[in-house]
Amino acid sequence: MADRRHHCDVAIVGAGPAGLSAARAAASHGVRVMLIDPQPVPGGQVWRNDVRHGAPGPARSLRRELAAAGVPMLMQSEVAGHAGKRLFVRSGQVAVTVDYGSLVLATGARELLLPFPGWTLPGVTGAGGAQALAKQGWPMRGKRVLVAGSGPLLLAVADTLHRHGARVLGIHEQASMRALSMFTAGLWRWPGKAVQAARLRLSLWSVSYHAGSHVLRALGDERLRAVDLRIGGRTATVECDQLACGFGLVPNIELAQAMGCALDGGGPHAHVLVDRWQGSSVKCVFAAGEACGIGGLDCALAEGAIAGHAAAGRREAARALLPRRAHARRFATALNRRFALHDGLRALAEPDTIVCRCEDVRLSALSACAPGREAKLLTRCGMGACQGRVCGSALAELGGATRDGFRPPIFPVPLEVLAGFGGGLPADSSQEL
């Protein structure tokens with residue numbers, strides 16, 4: 001049986017680009033590093049392993065470096081809670097503890113899904129969700145797929161689906177052509193991003209791209225058969241087999257909230273507040289990447305390295321990366337400004353539209369409830385398996401709720417695993433069962 005008790009100088013939660021970068025930086029100083037991630041293979045969502053095409057080159061390179069450095073990884077493992085400088089981790093069906101000196105939270109982000117009529121039909125997924133399914137081997141060949149929502153992720157998703165044999169019928173971006181033109185005009189400051197965008201668009205030269213266009217409703221009985229779209233000033237209906245629709249990303253901050261880290265911003269885009277060394281308001285706890293605000297790959301790599309050096313007590317090594325981080329964050333600011341969601345998307349849901357998919361709660365049931373605790377008590381909205389990660393972010397974007405604080409267990413945990421933590425289990429965990 002695997003060791004159930006681990007000790008390290010620097011623990012890193014999340015093995016995406018930020019986490020891997022942090023691990024490399026910290027390990028370069030000879031400290032004991034441990035990575036914890038729920039996926040079977042390191043890389044996160046951005047560098048998710050593709051069953052047909054493998055992982056990107058930078059991801060493979062980082063993995064090799066960490067393997068050569070002997071950095072242990074707890075994969076298929078989720079942090080359920082914490083106490084002091086100890087993490088309580090569900091590793092498969094085993095309760096594991098990790099004691100650390102410093103902690104780096106590189107928990108990444110998830111898609112923002114906004115409810116609209118028909119969004120719960122089989123065949124409708126998030127844009128990033130469709131990409132993940134394709135990379136994991138879900139059959140896409142010959143499927144008619146419509147990609148919609150907002151942000152550069154749509155191009156990457158369409159490219160992945162196309163390479164896996166899907167017929168991409170079109171890409172529908174809610175941002176206006178003016179906003180896209182202004183964003184494109186500023187890409188000279190980030191030539192690497194410009195080249196990447198050009199390559200993606202070239203690979204999708206036969207796929208139509210519509211600015212100022214968004215989903216109105218998904219149509220079908222047992223499963224999706226068509227989508228109503230607003231394209232400019234007209235409405236169109238497109239028959240398709242799958243709709244990949246995502247409205248950007250929101251930071252995963254649940255563990256940071258549970259640890260008492262101060263947050264910056266509000267609504268679904270609240271993120272961990274950090275100092276110049278990526279240090280949070282909690283001593284010895286650092287954060288990097290999307291948990292600090294959606295910034296993209298370059299930002300994650302820079303912030304991860306800064307956090308890793310700082311967590312190992314080597315701020316002088318982190319100092320050289322500060323200009324790189326600032327440059328990457330300026331790109332993130334431009335991205336978020338030009339792809340800001342317009343108000344029409346917040347009015348797509350109708351009274352009978354399901355908002356909380358886990359508990360089948362419709363929008364009309366929430367209208368008489370105050371946001372937050374009252375809505376949970378009266379409707380069970382946010383009380384399902386996802387613990388409000390989908391509906392909570394959606395309602396916060398719609399202006400009807402805030403993202404409540406999380407207590408352990410951060411993720412659903414079987415009773416046998418909770419029992420395995422013994423007397424060290426955080427005192428309030430039983431309240432969440």
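1. Gly149 stands opposite Gly246 in β15. The two strands concerned, β9 (residues 144-149) and β15 (residues 242-246), pair in the parallel sense over five bridges. Two strands count as paired if DSSP finds at least two bridges between them. Strands (E, at least two residues) and helices (H or I, at least four) are DSSP runs, numbered from the N terminus.

2. This is a predicted model, in which local features need pLDDT of at least 70 and side-chain atom pairs count only at pLDDT 80 or more, while totals for chains, interfaces and linings use all residues. Residues are numbered from 1 along each chain as its sequence is written, and side-chain values use heavy atoms, with hydrogens and water left out.

3. The open sheet that holds β9 and β15 has five strands in the order β8-β15-β9-β10-β11, with parallel pairing. At its edges stand β8 (124-125) and β11 (209-211), each with a single partner strand, so one side of each is left without a neighbour in the sheet. Helix α3 (residues 127-135) packs on this sheet and touches β8 and β15; contact means heavy atoms within 4.5 Å. The direction of α3 makes about 125° with that of β15. Such angles run from 0 to 180 degrees between N-to-C directions, and axes are lines fitted to C-alpha atoms, for helices over the stretch in contact.

4. Another open sheet has three strands in the order β12-β13-β14, and here the pairing is antiparallel. Its edge strands, β12 (213-220) and β14 (234-239), each pair on one side only. From one strand to the next the twist averages 25°.

5. Within that sheet, β12 and β13 are paired over seven bridges, and a hairpin joins them through three residues. Val215 has Leu229 in β13 as its bridge partner. Strand β13 (residues 224-231) is joined to β14 by six bridges. Val227 has Val238 as its partner in β14, and Ala226 stands opposite Glu239. The hairpin of β13 and β14 has two residues between the strands, and Gly232 in the turn has a positive phi of about 65°.

6. Six of the eight residues of β13 are buried, so this strand is largely enclosed by the rest of the structure. Buried means under 20% relative accessible area, exposed over 50%, and partly exposed in between (1.4 Å probe, protein chains only).

7. Strand β4 (residues 77-83) is also largely enclosed, because five of its seven residues are buried. Six bridges join β4 to β5 (residues 86-91), and the two run antiparallel. Val79 faces Val89 in β5. Two residues lie between the strands of this hairpin, and Gly84 in the turn has a positive phi of about 60°.

8. Of the 15 residues of helix α8, 13 are buried, so the helix is largely enclosed by the rest of the structure. At 1.5 Å a residue, α8 (residues 297-311) should span 21 Å, and its end C-alpha atoms are 21 Å apart, which agrees. The expected span is 1.5 Å times one less than the number of residues. Just after α8, Gly313 takes a positive phi of about 80°.

9. Helix α1 (residues 17-27) packs against α8 at an angle of about 35°, with the axes 7 Å apart. The residues of α1 in this contact include Pro17, Ala18 and Ser21, and those of α8 include Leu297, Ala300 and Gly304. The contact residues divide into nine nonpolar, four polar and no charged. Ala, Val, Leu, Ile, Met, Phe, Trp, Tyr, Cys and Pro count as nonpolar, Asp, Glu, Lys and Arg as charged, and the others, Gly among them, as polar.
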